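Student: Hi! I'm new to this one, could you walk me through it?
Tutor: Happy to, let's look at it together.
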Amino acid sequence: MATVEVKVPQLSESVAEATMLQWKKKVGDSIAIDEILIEIETDKVVLEVPAPAAGVLSEILVADGGTVTAEQLIARIDTEGKVAAAVPAPAAPVTAGASVPAPALGAAGGSMAGVAMPAAAKLMADNQLAAGSVAGTGKDGRVTKGDVLGAVASGYAPKSIAASSIPTRDSATSLPQVAAPAKANDLGDRPEQRVPMSRLRARIAERLLQSQSTNAILTTFNEVNMAPVMEMRKRFQEKFEKEHGTKIGFMSFFVKAAVHALKKYPVLNASVDGNDIVYHGYFDIGIAVGSPRGLVVPILRNADQMSFAEIEKKIAEYGAKARDGKLGIEEMTGGTFSISNGGVFGSMLSTPIINPPQSAILGVHATKDRAVVENGQILVRPMNYLAMSYDHRIVDGREAVLGLVAMKEALEDPARLLFDI
């Protein structure tokens, strides 16, 4: 039997380990070369592991949910298309609060009758139910969580049902899908469910705490009349879309206005390295993007050299990649300044947290018609509240306030962006 090994891809220098998500193939399945076998989640990105050769998946060495390191052997492929024996996937290490993984299906046609799904297996163990004592109603006779709950509700089990369990990875996507838990006897109508953080979510939490504990964060606010931008956008939208194949969004204006201000006040584009202030001679703008896995911040490299159309296309590309979990590590590494747009969700005002080691971040919010006073008259204008958080260790209030004013002036008179004034 000619065997080819499947290994974990090389991880970035800052990533020590990763988590196996869901095998897309089982032992005995035929595999085409470069077909995706499994996705592996790090604290930054989700990596796809393609098949290095065509054949039959003969062995799985690390099950769903297992922890792996770079270059670790996780499976083998029989390139001659034969499977000597069905090799079940090994159980992932069980930690406190984790469910017991279900055994992998053997050769094609193997029966799964009586086999408990991970969440069901944990509930059976918690309630001292012997294997095979609960009839399965799931696919191929598998025992589901609902089957166990039904058995306990009928008085079969000697113990009360555990209040929480970890969702299985048998869903259509690689991410755990959290369903509303069934009512538990000991909680009545007050159910609970415990779900482990993903690596990305844990990393986000770590970075936010790091930012708040190491930076002296202050936030300055200002309001912007968005009418000039909206009028210009409306005037050129049709021609712009016909010429460039994309619509003019507001984010390209905010990016251009930010770069305009950063050129005037370079400390806002700087970062802290120990006791040194690093002034960057380039403008790599991070755009905060929400994704199913959590908040990610892909970078617009050399944003000062990008056109409006290039910015809009790149942001759209990053948004699509974020939704599909396809952002690469290199696309989220670095950055000298960040923009967070809570306005797309309806936020009126917020205080964004700095993305270390950067020294500032701009928060953009929803544009709403509001009453404002102009020349002694009360008028209705489309207003947007901008918020800029900055690291007071290196940025003084003067630079922060004047930097935000420069952004405001560029948005209220977009012609300034053409003449760099």
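Student: How many aromatic pairs does the structure hold?
Tutor: The structure holds 1 aromatic pair. The rings of F253 and F308 have centres 5.0 Å apart and planes at 65 degrees, so the pair is edge-to-face. Rings of Phe, Tyr and Trp (its six-membered ring) pair if their centres lie within 6.5 Å; planes under 30 degrees apart count as stacked, over 60 as edge-to-face and the rest as tilted.

Student: Where in the chain do F253 and F308 sit?
Tutor: F253 is in helix 5 and F308 is in helix 6 (residues 308-324), so to speak distant parts of the chain, 55 residues apart. Helices here are DSSP runs of H or I with at least four residues, strands are runs of E with at least two, and both are numbered from the N terminus.

Student: Before we go on, what kind of model is it?
Tutor: This is a predicted model: local features need pLDDT of at least 70, side-chain atom pairs count only at pLDDT 80 or more, and totals for chains, interfaces and linings use all residues. Residues are numbered from 1 along each chain as its sequence is written, and side-chain values use heavy atoms, with hydrogens and water left out.

Student: What about the whole protein chain, what share is buried?
Tutor: Buried residues make up 43% of the 421 residues in the protein chain. The chain's secondary structure comes to 8 helices and 19 strands.

Student: New topic: what order do the strands take in the open sheet of 4 strands?
Tutor: The order is 5-4-2-7, with antiparallel pairing. Strand 5 (46-50) and strand 7 (67-68) stand at the edges, each with a single partner strand, so one side of each has no neighbour in the sheet. Two strands pair if DSSP finds at least two bridges between them.

Student: How many bridges join strand 2 to strand 7?
Tutor: 2 bridges join strand 2 (residues 18-23) to strand 7, and these strands run antiparallel. A18 stands opposite V68 in strand 7.

Terms used:
Buried means under 20% relative accessible area, exposed over 50%, partly exposed in between (1.4 Å probe, protein chains only).
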